[in-house]
Amino acid sequence: MRVLILGGTGEARALAAALVGRGVDVVSSLAGRVSAPALPVGAVRVGGFGGVDGLAEHLVTEGFDHVVDATHPFAQQITANAVAATARVGVPLVRLQRPGWAHHPVADTFTWVDDVDAARTAAQGLGQRPFLTTGRQQLESFATWTDRYVLARVVDPPDWDVPPTWEVLRARGPYPYAAERELLESRRIDVLLTKDSGGSLTEAKLAAAHDVGVPVVVVRRPAVPTGVLVVESVDDALDRVVAAPDPKRT
């Protein structure tokens with residue numbers, strides 16, 4: 001059995017380790033958008049495939065039996081390409097996606113929006129000292145915020161000149177509750193913006209914001225394409241892959 005994991009998440013690394021531990025031939029593919037990424041065990045490739053056509057060709061020429069899309073919940077294009085490519089060449093696809101924050105204990109206090117532009121609009125009515133945790137690629141959506149202090153947390157630095165009123169904090173999770181609360185209080189943050197990434201590595205900011213009275217704006221996840229098998233845990237993904245019949249023998 002040969003498995004391609006579209007990775008870049010903690011769940012992808014955990015699944016790669018579990019499959020390798022069972023003797024499965026695994027290749028993890030990373031988009032290459034983050035410098036010095038945490039690497040999984042097993043073989044790793046970095047970079048794109050060249051769209052649906054390139055991915056479909058890669059699956060065939062490299063002899064993959066299964067694909068697990070364990071990319072970030074907001075990696076819409078990669079997921080769409082995986083759905084189309086696997087359907088074209090008849091390779092089974094499983095989507096491993098961590099649970100979101102819709103059922104978080106204080107989720108009903110969040111302002112939920114459909115995209116980053118809507119998040120900007122909503123936040124403007126809630127505060128004047130925002131904390132942006134929506135990711136580096138979305139920062140330019142807030143470039144008009146030149147009249148206020150903005151705290152933006154990213155893994156890699158922005159590739160454009162941010163306004164002089166901004167503070168860019170480079171950090172990689174996990175972020176403990178005490179540190180998140182101190183950050184909110186020391187910067188006098190009055191509105192937090194984030195995406196529904198889910199998971200525990202970045203969840204503490206939600207509780208911290210609630211406890212200090214900072215409103216939270218959350219961008220909803222994009223929907224997974226219809227018909228895709230979605231699992232929310234590494235164990236479930238492992239069971240689906242290992243227990244699935246070999247398509248080359250059916």
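Student: In this predicted model, in which strand is the place of Val44?

Tutor: The model shown above is a predicted one, and its strands are numbered from the N terminus. The strand that covers residues 43-46 holds Val44, and this is strand S3.

Student: Is Val44 buried, partly exposed or exposed?

Tutor: Buried means under 20% relative accessible area and exposed means over 50%, with partly exposed in between. Because the relative accessibility of Val44 is 34%, Val44 counts as partly exposed.

Student: About how much accessible area do Leu39, Val44 and Val46 have together?

Tutor: Leu39, Val44 and Val46 form a nonpolar patch on the surface. Together, these residues have an accessible area of about 270 Å².

Student: Which residues gather in a patch of negative charge on the surface?

Tutor: One of them is Asp235, which lies in helix H7, residues 234-243. Asp235 counts as exposed, because its relative accessibility is 54%. The residues that gather in this patch of negative charge are Glu232, Asp235, Asp236 and Asp239.

Student: Is the peptide bond from Gly173 to Pro174 cis or trans?

Tutor: Pro174 is found in the loop between strand S9 (166-170) and helix H5 (177-186). Most peptide bonds are trans. The bond from Gly173 to Pro174, however, has an omega near 10° and is cis.

Student: What is the phi of Arg188, which is not a glycine?

Tutor: Arg188 lies in the loop between H5 and strand S10 (191-195), and Arg188 is exposed because its relative accessible area is 55%. Most residues other than glycine have a negative phi. Arg188 instead has a positive phi, of about 55°.

Terms used:
Residues numbered from 1 in each chain as written. Predicted model: local features only at pLDDT ≥ 70, side-chain atom pairs only at ≥ 80, totals over all residues. Heavy atoms only, no water. Patch = residues over 30% accessible without salt bridge, like charges linked within 9 Å, V, L, I, M, F, W, Y side chains within 5 Å. Areas by Shrake-Rupley, 256 points an atom, 1.4 Å probe, with all protein chains shown as cover. Salt bridge = Lys/Arg side-chain N within 4 Å of Asp/Glu carboxyl O. Lys, Arg positive; Asp, Glu negative; His and termini not counted. Charge placed at Lys NZ, Arg CZ, Asp CG, Glu CD. Helix = DSSP H or I, 4+ residues; strand = E, 2+ residues; numbered from the N terminus. Buried < 20%, exposed > 50% of the residue type's maximum accessible area, 1.4 Å probe, protein only.
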